[in-house]
Amino acid sequence: MPSLKRQECQMTHGIQGEECLREELGEKRCFAELLCKREAMKFYHEPLRGKGGPRGSCSALVERFAFPENELVLPDVVQKSDRDHCRGIVYELGKCLSKHKLGR
C-alpha cells in the first residue's frame, strides 16, 4: 500500500513518470528503517570511507540523481572503493526488503 504522500503525487502526475521518485524513495527508506534496521543504518547513516572532505552516506551517493542537494555532502571525487562498498550495502538492503516483498 503506497504512502499518502506517494498516492497524492501519483494522483497528480500519474504512476509511470519519474515525478514521484522522491516520494517513492522516502517510502522505501521508511520501510527499510522499520524492517531492515541494520542494513538501513549502513545505507542511510554510515559515512562513506575515505580521507578528508565531506563524507556523505551510501544513500547520498546512490540517490543523488533524485536528490541533487546530496552533492553538497559528497566528496568532490568519489572513489571506486566507495562505490564498491555501497554496492554491497545496496545488495544487502535489497535482499532484506525483498524478504518483506518490498524494494522492487
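Colleague: How many helices and strands does the chain come to?

Modeller: The chain comes to five helices and zero strands. Both are DSSP runs numbered from the N terminus, with at least four residues (H or I) for a helix and at least two (E) for a strand. From the N terminus on, the order is α-α-α-α-α. Keep in mind that this is a predicted model, where local features need pLDDT of at least 70, side-chain atom pairs count only at pLDDT 80 or more, and totals for chains, interfaces and linings use all residues. Residues are numbered from 1 along each chain as its sequence is written, and side-chain values use heavy atoms, with hydrogens and water left out.

Colleague: What share of the chain's residues is buried?

Modeller: Buried residues are 31% of the 104 in the chain. Buried means under 20% relative accessible area and exposed means over 50%, with partly exposed in between (1.4 Å probe, protein chains only).

Colleague: And what share of the contacts is between residues 24 or more positions apart?

Modeller: They account for 45% of the chain's contacts with a separation of 6 or more. A contact here is heavy atoms within 4.5 Å.

Colleague: Let's go to helix 5. What should its span be, and what is it?

Modeller: Helix 5 covers residues 80–99, and at 1.5 Å a residue its 20 residues should span 28 Å. The expected span is 1.5 Å times one less than the number of residues. The end C-alpha atoms are 29 Å apart, which agrees.

Colleague: Which of its residues are buried in helix 5?

Modeller: Asp-82, His-85, Cys-86, Ile-89, Leu-93, Cys-96 and Leu-97. Seen down the axis of helix 5, these buried residues fall within an arc of 105 degrees, so they line one face. The arc is that of the directions from the helix axis to the C-beta atoms.

Colleague: What's on the face turned away from the buried side of helix 5?

Modeller: That face carries the exposed residues Lys-80, Arg-87, Tyr-91 and Lys-99. Just after helix 5, Lys-101 takes a positive phi of about 65 degrees.

Colleague: Which helices do the buried residues of helix 5 pack against?

Modeller: They pack against helix 2 (21–35), helix 3 (37–44) and helix 4 (58–62).

Colleague: OK, helix 2 then. At what angle do the axes of helix 2 and helix 5 cross?

Modeller: They cross at roughly 80 degrees and come within 10 Å. That makes helix 2 roughly perpendicular to helix 5. The axes are lines fitted to C-alpha atoms, for helices over the stretch in contact, with angles from 0 to 180 degrees between N-to-C directions. Under 35 degrees counts as roughly parallel, over 145 as roughly antiparallel, 65 to 115 as roughly perpendicular and the rest as oblique.

Colleague: Which residues make the contact between helix 2 and helix 5?

Modeller: Helix 2 brings Lys-28, Phe-31, Ala-32 and Leu-35, and helix 5 brings Leu-93, Cys-96 and Leu-97. By class, the contact has six nonpolar, no polar and one charged residues. For those classes, Ala, Val, Leu, Ile, Met, Phe, Trp, Tyr, Cys and Pro count as nonpolar, Asp, Glu, Lys and Arg as charged, and the others, Gly among them, as polar.

Colleague: What about helix 3, which residues are buried there?

Modeller: Glu-39, Ala-40, Phe-43 and Tyr-44 are buried in helix 3. They cover an arc of only 110 degrees around the axis, which puts them on the same side of helix 3. On the other side, Lys-37 and Arg-38 are exposed. The cover over the buried residues of helix 3 includes helix 2, helix 4 and helix 5.

Colleague: Changing topic: where does Leu-48 lie?

Modeller: Leu-48 lies in the loop between helix 3 and helix 4. At 4% relative accessibility, Leu-48 counts as buried. Beyond four places away in sequence, what Leu-48 touches includes Leu-74, Pro-75, Asp-82 and Cys-86. Leu-48 and Cys-58 are 10 residues apart in sequence and 6.4 Å apart in space, C-alpha to C-alpha.

Colleague: And Leu-61, buried or exposed?

Modeller: Leu-61 is buried, with a relative accessible area of 9%. Leu-61 is found in helix 4. Again not counting residues up to four places away in sequence, Leu-61 touches Leu-74, Val-78, Asp-82, Arg-83 and Cys-86. Between Leu-61 and Cys-86 there are 8.3 Å in space, C-alpha to C-alpha, and they are 25 residues apart in sequence.
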